[in-house]
Amino acid sequence: FIFFRSVDEDRKIEYKAAVEIQSWFRGCRVRAYLRYLNKMVIFIQKWWRGYRSRRYFRKMVETAYFIMKMNFYNEMAVRIQKRWRGYYVRKYIHNYYLLKKYLEAISVNNEIVRSELQEYTEMMEKEEKRKELEKKEKEEKYQAQKMHYLLSTEQIAGIYNSPFKKSPDPMEVLLRKSKPLSHRQQEMKSLFADKLYDWPTCRRALTSSTAQPLPPIVRQKPQGPFRDTAEVLRQRYKPLEPTLRVAASINSPLEKAREEMKREEWRNIHDNEFLLFSSYHKNEKYDPSIHRSGKYVQETYGIKQFREVQRKKWVSNK
């Protein structure tokens with residue numbers, strides 16, 4: 001017994017030692033495996049994060065390069081537009097040489113116009129002076145003819161021929177050159193004055209004018225799409241012609257036909273009074289409607305109600 005007991009105790013001690021060794025070994029193996037997994041996870045995360053960072057950085061570099069390139073292109077486009085617009089404006093809009101040439105042409109044209117206007121004004125002034133001189137000469141000549149009687153003679157010196165002057169007066173020379181006014185010219189000159197003088201006093205009889213009569217006034221047709229005067233007057237003063245509606249009476253055949261049609265329409269409406277609990281309507285003959293041609297014809301849509309009971313469609317007799 002004692003031998004078996006000691007053997008059993010040794011077996012239990014050995015079993016416990018084996019269990020402890022196995023647990024320690026298994027713990028070491030699991031911990032080593034976990035360390036390996038942790039190291040692999042860190043390696044995978046490091047690789048993945050590096051890949052993402054490199055991809056993001058590459059994308060950021062591409063975006064920055066694209067922006068820089070677009071800015072460069074925009075700047076170059078602005079320079080090209082600036083050069084072209086400056087060239088276009090200088091050549092076609094604000095061309096200095098063309099503007100200078102235009103102003104020079106305007107100044108030359110202004111000088112020509114000014115000189116022509118100056119010549120024209122000088123010519124007009126000369127013409128006015130010549131007319132004034134001619135008018136003065138005519139007046140002086142007329143006065144000399146009118147005062148011809150003041151001319152000096154061999155016996156008596158005139159008022160313009162003073163003996164105290166060395167040379168005679170210019171009026172005296174003009175009187176010598178001119179001829180006196182004739183009696184006819186004086187009469188013709190005073191003809192209008194005599195009429196004007198004799199008119200208020202009525203000392204002269206009224207005589208008809210010997211001048212030719214005035215020509216008749218020619219009435220030409222006015223320009224434009226105007227009708228003849230006779231036609232317009234004929235249309236204005238034509239008699240009244242009433243229309244058929246005005247000329248016909250109220251009780252015309254057309255009105256009578258319309259009234260008859262209205263009465264026929266009102267006949268189709270049933271105005272019979274409904275009598276409750278009465279068999280009056282049962283004796284009436286059925287008048288089929290227009291959309292029915294027989295008794296057993298399929299009825300059109302909208303006649304049957306959705307709450308109607310259809311016993312023929314029942315599956316079983318209830």
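A search of the whole structure, a predicted model, finds 8 aromatic pairs. Rings of Phe, Tyr and Trp (its six-membered ring) pair if their centres lie within 6.5 Å; planes under 30 degrees apart count as stacked, over 60 as edge-to-face and the rest as tilted. The pair of tryptophan 84 and tyrosine 87 is tilted, because the ring centres are 5.7 Å apart and the planes meet at 40 degrees. Tyrosine 88 and tyrosine 92 also form a tilted pair, with 5.1 Å from centre to centre and 40 degrees between the planes. Ring pairs link Trp84, Tyr87, Tyr88 and Tyr92 into a cluster.

Helix 1 (residues 2-93) holds both Trp84 and Tyr87, 3 residues apart, about one turn of the helix. Tyr88 and Tyr92 lie in helix 1 too, 4 residues apart, again about one turn. Helices (H or I, at least four residues) are DSSP runs, numbered from the N terminus.

Accessibility was then computed for the tyrosines. Buried means under 20% relative accessible area, exposed over 50%, partly exposed in between (1.4 Å probe, protein chains only). Tyr87 is partly exposed at 39%. Tyr88 is partly exposed, at 39%. Tyr92 is exposed, at 52%.

The charged end of lysine 91 sits over the ring of Tyr92, 5.7 Å from its centre. This label requires NZ of Lys or CZ of Arg within 6 Å of the ring centre and within 35 degrees of the ring normal.

Residues are numbered from 1 along each chain as its sequence is written. Local features need pLDDT of at least 70, side-chain atom pairs count only at pLDDT 80 or more, and totals for chains, interfaces and linings use all residues, while side-chain values use heavy atoms, without hydrogens and water.

Note on methods. Helix = DSSP H or I, 4+ residues; strand = E, 2+ residues; numbered from the N terminus.
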